[in-house]
Amino acid sequence: MRSLILILLLAWAAPLWAAEQTVPVKITSDTMTYTQKGDQVLFSGSVHVIRQDVEMWSDTLTVFLDKKQGGGNSTQTAMDQQSSIKKIVSQGNVRLKADRGRSGTCAKATYETATEILTLEGDPVLMEGANKIQGEVIKLYMRENRSEVLGGKQRVEAIFNTPADTKELKP
């Protein structure tokens, strides 16, 4: 049952942040602002992201971009020079929902593309049906297929619902 929750953590989160270019991602928000100086795109106000079987809601979503290395010329626009996503940060009332009854909440979710680590902070909670895990910080290491729940001021708590055993225990 313990491995089930670890699989849960990775399985519901991976599709949202994985960098497949053939899968459409729809982002809706009240506003979108591109800042060339900061190489970032900010979606704000009732942000809703849909990608295959995963949905995410937050107050803001900031996409930090990496510029293409070399090859730039003076006729290229700033948008032409952007090549990849460096980091994605969702903040404020972050809520995730995936298939098979998987969901999660936190105040801030950060995905680092270079390391493929998704970090959930601010009272993060992940659930699958009645199973639940929470702590001060939850880290999902996509590349290594593992997760880590950190305590601190708030202790780690995991609730696993297992089938009741109908056999009596004998000493």
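A salt bridge is a side-chain nitrogen of Lys or Arg within 4 Å of a carboxyl oxygen of Asp or Glu. Keep that in mind for this tour of a predicted model.

**Stop 1**

Select Asp66 and Lys86. Their side chains meet in a salt bridge, with N to O at 3.9 Å. Asp66 lies in strand β4 and Lys86 in strand β5, so the pair links distant parts of the chain, 20 residues apart. Are these two residues buried, exposed or in between? Asp66 is partly exposed, at 32% relative accessibility. Lys86 is partly exposed too, with a relative accessible area of 40%.

**Stop 2: a buried pair**

Now select Arg102 and Glu128. Here too the side chains form a salt bridge, 3.9 Å from N to O. Arg102 sits in strand β6, and Glu128 in strand β8 (residues 125-128). The two are 26 residues apart, and the pair links distant parts of the chain. Check the accessibility. Arg102 has 4%, so it counts as buried, the cut-off being under 20%. Glu128, at 17%, counts as buried as well.

**Stop 3: Arg146 and its partners**

Glu144 and Arg146 form a salt bridge, and their closest N and O atoms are 2.5 Å apart. Glu144 is partly exposed, at 47%. Arg146 is partly exposed, at 36%. Now turn to the ring of Tyr141. The charged end of Arg146 sits over this ring, 3.9 Å from its centre. In total, the structure holds 4 salt bridges.

**Stop 4: another charge over a ring**

Select Arg95 and Trp57. The charged end of Arg95 sits over the Trp57 ring, 3.9 Å from the ring's centre. How many aromatic pairs does a search of the whole structure find? The search finds 0.

**Stop 5: the nonpolar core**

Select Leu61, Leu118 and Leu120. These residues have the most contacts inside the largest nonpolar core, which has 22 residues. Next, colour the strands. At least two core residues come from each of β3 (40-51), β4 (54-67), β5 (82-98), β6 (102-112), β7 (117-121) and β10 (137-141). Zoom in on Leu61. Leaving out residues up to four places away in sequence, Leu61 touches several residues, including Ile27, Val41, Phe43, Ile88 and Val89.

**Last stop: confidence**

Colour by pLDDT. The chain's mean is 79, and 74% of its residues reach 70 or more. Select residues 1-15. Their pLDDT is below 50, and the stretch has 36 contacts in the model beyond near neighbours in sequence. Then select residues 71-79. The pLDDT is below 50 here as well, with 6 contacts beyond near neighbours in sequence. Where pLDDT is low, predicted coordinates should not be read in detail.

How values were computed: Residues numbered from 1 in each chain as written. Predicted model: local features only at pLDDT ≥ 70, side-chain atom pairs only at ≥ 80, totals over all residues. Heavy atoms only, no water. pLDDT = per-residue confidence, 0-100. Contact = heavy atoms within 4.5 Å. Core = buried A, V, L, I, M, F, W, Y, C linked by side-chain atoms within 4.5 Å. Buried < 20%, exposed > 50% of the residue type's maximum accessible area, 1.4 Å probe, protein only. Helix = DSSP H or I, 4+ residues; strand = E, 2+ residues; numbered from the N terminus. Phe/Tyr/Trp six-rings, centres within 6.5 Å; stacked < 30°, edge-to-face > 60°. Lys NZ or Arg CZ within 6 Å of the ring centre and 35° of its normal.
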